[in-house]
Amino acid sequence: MPPFPLLRLPQLVLCKVFRSLNIEEKIKLSICSKKISFQINNDRMYSQKVIVSLDMINKQIRVHSENDEDTFKVFIDLDIRKRNYSKQQFSIACRTVKVMSTRKKFKMYWKNYQEGFLSSIRHLLKMFQCKVSTSFICHGSDIFQPTISTLFDLQVEFETLCIHFKRSKDENLLWNQISNNLGLVENLTISSVPDIDFTPVFTSWPQQISIMNSAWFTRESLLTCPCTTITLWNSNLENKDLDEIFRKWRAGELPNLKYLKIHNLSFTDNGEHILGMNLRDLNGMVIQTDDGSKKATIELRFLWMIEMNVTPFE
């Protein structure tokens, strides 16, 4: 059977063909030739939205749909010249690399891991509407910080970004760089050793934030936080802090807040009131803003966790 002249199709038909491809088909087709890659990249704004999940410890990138039904994996390995390759060479992000292709995955061979990750991500960014996702396991890799730093320079959007502080100067420098661009992040999770002497300063905010060992995140921090979802673990907030937070919320402050959860070892049932009530009496309580536009349900869990769910008032 003669080869199918794909690029001779009318432009509108060709665009429909590209939009019908799944993630694996589109990635594999994109490296066949520069012409096809250009056509796919040209149709990026109409492509499917994908999550690019980075696993720097296992040297892999998982590309998947938002519902996780369509997936493809890219493995990054080193190009050791002594190996006897039976692989083909392809151009990826203006680099010529050896690629071994199997079902649902690629294995690419690069000069170093950082080049492999960044070049592969750049290639994907040109093809799809991408958001990047990282987990805490990435912090075990020495390429985490330079990779994340470069992605922020490229104004890449993050679905999830996990940052862990361990008294490293490089971590502090990374935070100082990205803190101005946290609007690119949907979900930010921060962890730190309990006695760390570095307090992150926010000059911008993500949509949602979760903080482990959050003793440094004070009442004033929470009241200035514009995030829709706030989760604090090992917090030092006390009854008097919750009282002011709830009163400020009722007065119309924290207008973006939809969900608040505080895991707190400092809550007390010693008679110190919250909204004029004992701590135990808050469980199941519904409060509303002074203008009547929103209501919030407060749930108490064993005197050590409190949740606040905000909904529009019907």
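Modeller: In this predicted model, the lining of the second largest pocket is made up of 6 nonpolar, 2 polar and 5 charged residues. Strands β1 (49–55) and β7 (129–133) each supply at least two residues of that lining. The space in this second largest pocket comes to about 230 Å³. Its lining numbers 13 residues, and those closest to the pocket centre are R44, Q129, C130, K131 and E157.

A cysteine in that group raises the matter of disulfides. A search of the whole structure finds 0 of them. For C130, the nearest cysteine sulfur belongs to C138 and is 16 Å away, and C130 is in no disulfide. C162 counts as buried because its relative accessibility is 7%, where the cut-off for buried is under 20%. C130 is also buried, with a relative accessible area of 10%.

For context, here is the largest pocket. It holds about 270 Å³ of space. It is lined by 15 residues, with K34, S37, S91, A93 and C94 lying nearest its centre. Two or more lining residues come from each of α3 (34–42), β4 (88–92) and α4. Of the elements, α3 gives the most to this lining, with 4 residues. By class, the lining of the largest pocket has 6 nonpolar, 6 polar and 3 charged residues.

The largest cavity has a volume of about 50 Å³. Its lining consists of I27, V74, I92, M108, S120, H123 and L124. Helix α4 (residues 113–127) gives the most to this cavity lining, with 3 residues. The classes here are 5 nonpolar and 2 polar, with no charged residues. The lining of the second largest pocket, to return to your request, has 5 charged residues, and K131 and E157 are among the residues closest to its centre.

Terms used: Residues are numbered from 1 along each chain as its sequence is written. This is a predicted model: local features need pLDDT of at least 70, side-chain atom pairs count only at pLDDT 80 or more; totals for chains, interfaces and linings use all residues. Side-chain values use heavy atoms; hydrogens and water are left out. On a 1 Å grid over the protein atoms alone, a cavity is a set of points where a 1.4 Å probe fits but cannot get out, and a pocket is an open set with protein on both sides within 12 Å along at least five of seven lines; lining residues have an atom within 4 Å of a point. Grid points are joined across faces, edges and corners, and a volume is the space filled by probe spheres set on the points. Ala, Val, Leu, Ile, Met, Phe, Trp, Tyr, Cys and Pro count as nonpolar, Asp, Glu, Lys and Arg as charged, and the others, Gly among them, as polar. A disulfide is a pair of cysteine sulfur atoms within 2.5 Å. Buried means under 20% relative accessible area, exposed over 50%, partly exposed in between (1.4 Å probe, protein chains only).
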